[in-house]
Structure formats: structure tokens, C-alpha cells
Amino acid sequence: MTTLRDIARRATIVTTALIVGLTASYAPSQAAEGEARTTVTDHPGAPGTMLQQFEDLTGRPVGDLDKVLAVDTGGRNLTGDQLAALATGKEVDGVKVVGTIPGSRDVLGTTMADLADGAYDGSGDSGTATSLLFASSTPDGREWCLTMCVASGKTIWECLHSRLTGGPILALDLAGSTTVGGTKAAFEKASGVAVEGPYTVETLIGDGEPSADEIRTLLDGKDIESMRRVATLDGPDPGWALADIAENSGVVYAKNRGHVFSLNLPVLGKIIIWCNSKDGGKTWKCSAYKWGGF
């Protein structure tokens with residue numbers, strides 16, 4: 001059986017994976033696997049053109065534009081952690097968020113210069129941002145993207161596009177705290193970002209541990225063979241032990257049980273944490289997933 005220590009060694013940081021390399025050289029030859037780069041000359045419709053180019057380059061949709069952040073970096077490069085903080089609404093020393101613009105079709109039809117002043121108003125004369133961060137996601141929530149565009153001269157924008165899919169994004173180290181709040185804290189510690197919730201917790205029981213494919217099916221709201229849903233509870237108490245959730249949900253004892261927690265990650269969307277115990281709640285194995293919800 002995989003131990004929590006083994007899980008911790010395999011833990012990866014979602015925001016770092018998502019934005020890794022964004023502050024590196026913007027030459028196309030520097031693009032890492034899973035990333036794509038392009039250069040856009042500013043014109044009416046440049047944001048839409050840029051995202052369409054990435055669809056053509058990757059062969060996959062970029063989804064709906066959720067929002068655009070206009071950022072003044074003071075002429076310096078940012079680390080992956082700093083970009084992650086900006087994308088999730090946190091402040092970064094020495095960096096100013098000029099404005100946040102809700103995504104829409106109209107925004108895709110404007111100019112980069114228009115967005116660089118932090119507002120969609122048809123005027124780009126007062127733009128102070130040196131970077132634009134486009135956040136988008138596919139309608140089913142299985143994939144979301146961050147595209148960072150950096151101004152190079154007056155009309156040239158160099159852009160890097162990264163995405164994550166709905167597979168497991170974090171294996172969590174509970175560090176001995178097997179409570180609802182401790183599980184949330186484990187995700188926040190690993191990812192470096194704060195999440196809201198959990199809003200709901202589902203309880204499942206069964207005879208085996210779900211496979212990766214079954215977990216994807218489960219998170220789609222469908223039934224799986226190895227486990228079945230038996231209860232859903234809104235607003236679980238952060239102080240509850242994972243071992244007590246089933247009983248608090250009115251479920252009789254089951255040696256093999258699982259829980260699905262629904263949380264929210266600002267900008268990037270819904271995060272699902274899946275926790276499974278095969279020994280009646282004594283030990284737990286937890287992983288986080290990006291998903292569109294049930």
C-alpha cells in the first residue's frame with residue numbers, strides 16, 4: 001500500500017506546472033513540452049487571433065476566456081510562484097495589477113493596447129501594463145489554460161500558452177492531520193494558493209480502490225463498479241475527522257470508503273479532492289483534481 005510519505009515525494013505543485021517557463025526566453029525554440037509560443041502584431045482582434053493560433057498549434061481548443069489581467073511588472077521577470085499568486089488574486093511585491101477584465105467575445109475583438117490599460121474601453125493610449133495574462137477553460141472544465149503575453153516594443157506581443165487537464169494534479173501529504181480542514185490545508189500547502197470551501201462532501205463505499213479511469217468517471221457524476229455513492233453532505237465542518245464523515249452523513253461502517261470534496265480555486269475554477277481509505281478510516285490516500293463539477 002502506498003504510504004503518505006511516498007505520496008509526498010511524488011507531490012507536484014499545480015500552479016508551478018501550469019505556469020512553468022513563463023518567465024523564460026520567449027524564443028519559440030525554448031518552449032517546453034506541453035507549451036506553445038507565438039508572436040502577435042497588435043491589431044483589432046489580436047487577442048482572438050492569438051488564442052486561435054494556439055488552437056492551431058496545439059490542435060486543442062483553448063476554451064472560453066474567463067478573464068484578462070493587465071500587469072505592470074516594473075520591467076522585471078516574475079517567478080512561477082509570483083505568476084501563480086497573481087492568477088489567484090494575491091498581491092506580489094513590486095508588481096501592480098493594472099486591472100482585471102472579465103472575458104467576453106468583445107474582448108477578443110479589441111487590441112492588446114486597449115487591454116493594457118486594465119480596462120476594455122476602446123482606448124489604449126494610457127496603457128501601463130507590460131504583460132497580459134489570459135485565463136480560459138473548456139466548457140466541461142476538464143482543461144484550463146493560462147496564456148501570458150509580454151509587450152516587446154510598441155506593437156509586438158510575445159505569448160506563451162500552458163494548459164492542464166483534468167487528471168490528478170496533486171498527491172497530498174496530510175502530515176498526520178486527517179480532518180476536513182487538514183485535507184484542505186494540505187492542498188493549500190502543496191499548491192501555494194488558497195482555496196474556498198469545501199462546499200460539499202460525498203461518501204462512497206465499495207469493495208475496491210477506483211482506478212484512474214473510474215475516478216474520472218466518478219467526478220463526471222456517473223456511477224462506477226468498484227464504489228457507489230451513498231450520501232452527500234453540504235458544508236462539512238473543518239474539524240471533522242475524515243473517519244467520522246461517513247457516520248456524520250448517516251452511513252453505516254464500511255472498511256473501504258471514499259470521500260469527494262468540492263472546493264474552488266479563484267480564476268482557475270473548481271478543484272475536487274478525492275480521499276480513499278481501505279482500512280476503516282485509519283489511513284487515507286488523497287489526491288486533487290481539476291474538474292468542472294457534477
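Me: How much space lies in the second largest pocket of this predicted model?
Reply: The general idea is that rolling a probe the size of a water molecule over the atoms shows where empty space is left. Here, the second largest pocket holds about 230 Å³ of space. The elements that contribute two or more residues to its lining are helix H3 (46–58), strand E2 (64–72) and helix H5 (105–108).

Me: Which element gives the most to that lining, and how is the lining divided by class?
Reply: H3 gives the most to the lining of the second largest pocket, namely four residues. By class, this lining comprises four nonpolar, five polar and three charged residues. Among the lining residues are Gly48, Glu55, Asp64 and Arg105.

Me: E2 is one of the elements in that lining. Which strands does E2 pair with, and in what sense?
Reply: As a general point, in a regular strand the side chains alternate between the two faces of the sheet. In this model, E2 is joined to strand E4 (residues 131–137) by seven bridges, and the two run antiparallel. E2 also pairs with strand E3 (residues 96–102) in the antiparallel sense, over six bridges.

Me: Which residues of helix H7 are buried, and why does its span agree with its number of residues?
Reply: An α-helix has 3.6 residues a turn, so residues three or four places apart point the same way. In H7, the buried residues are Val180, Gly182, Thr183, Ala186, Phe187, Ala190 and Ser191. After H7 comes Gly192, with a positive phi near 80 degrees.

Me: How many disulfides does the structure hold, and how are the cysteines paired?
Reply: There are two disulfides, and with the bonded cysteines numbered in sequence order the pairing is 1-2, 3-4. One joins Cys149 and Cys159, with sulfur atoms 2.1 Å apart. The other joins Cys275 to Cys286, S to S 2.2 Å. Cys275 lies in strand E11 (residues 269–277) and Cys286 in strand E12 (residues 285–290), so this pair ties together parts eleven residues apart in sequence.

Me: Is Lys154 buried or exposed, and where is it found?
Reply: Lys154 is exposed because its relative accessible area is 83%, over the 50% cut-off. Lys154 is found in the loop between strand E5 (143–152) and strand E6 (156–165).

Conventions:
Residues are numbered from 1 along each chain as its sequence is written. This is a predicted model: local features need pLDDT of at least 70, side-chain atom pairs count only at pLDDT 80 or more; totals for chains, interfaces and linings use all residues. Side-chain values use heavy atoms; hydrogens and water are left out. Buried means under 20% relative accessible area, exposed over 50%, partly exposed in between (1.4 Å probe, protein chains only). On a 1 Å grid over the protein atoms alone, a cavity is a set of points where a 1.4 Å probe fits but cannot get out, and a pocket is an open set with protein on both sides within 12 Å along at least five of seven lines; lining residues have an atom within 4 Å of a point. Grid points are joined across faces, edges and corners, and a volume is the space filled by probe spheres set on the points. Ala, Val, Leu, Ile, Met, Phe, Trp, Tyr, Cys and Pro count as nonpolar, Asp, Glu, Lys and Arg as charged, and the others, Gly among them, as polar. Two strands pair if DSSP finds at least two bridges between them. A disulfide is a pair of cysteine sulfur atoms within 2.5 Å.
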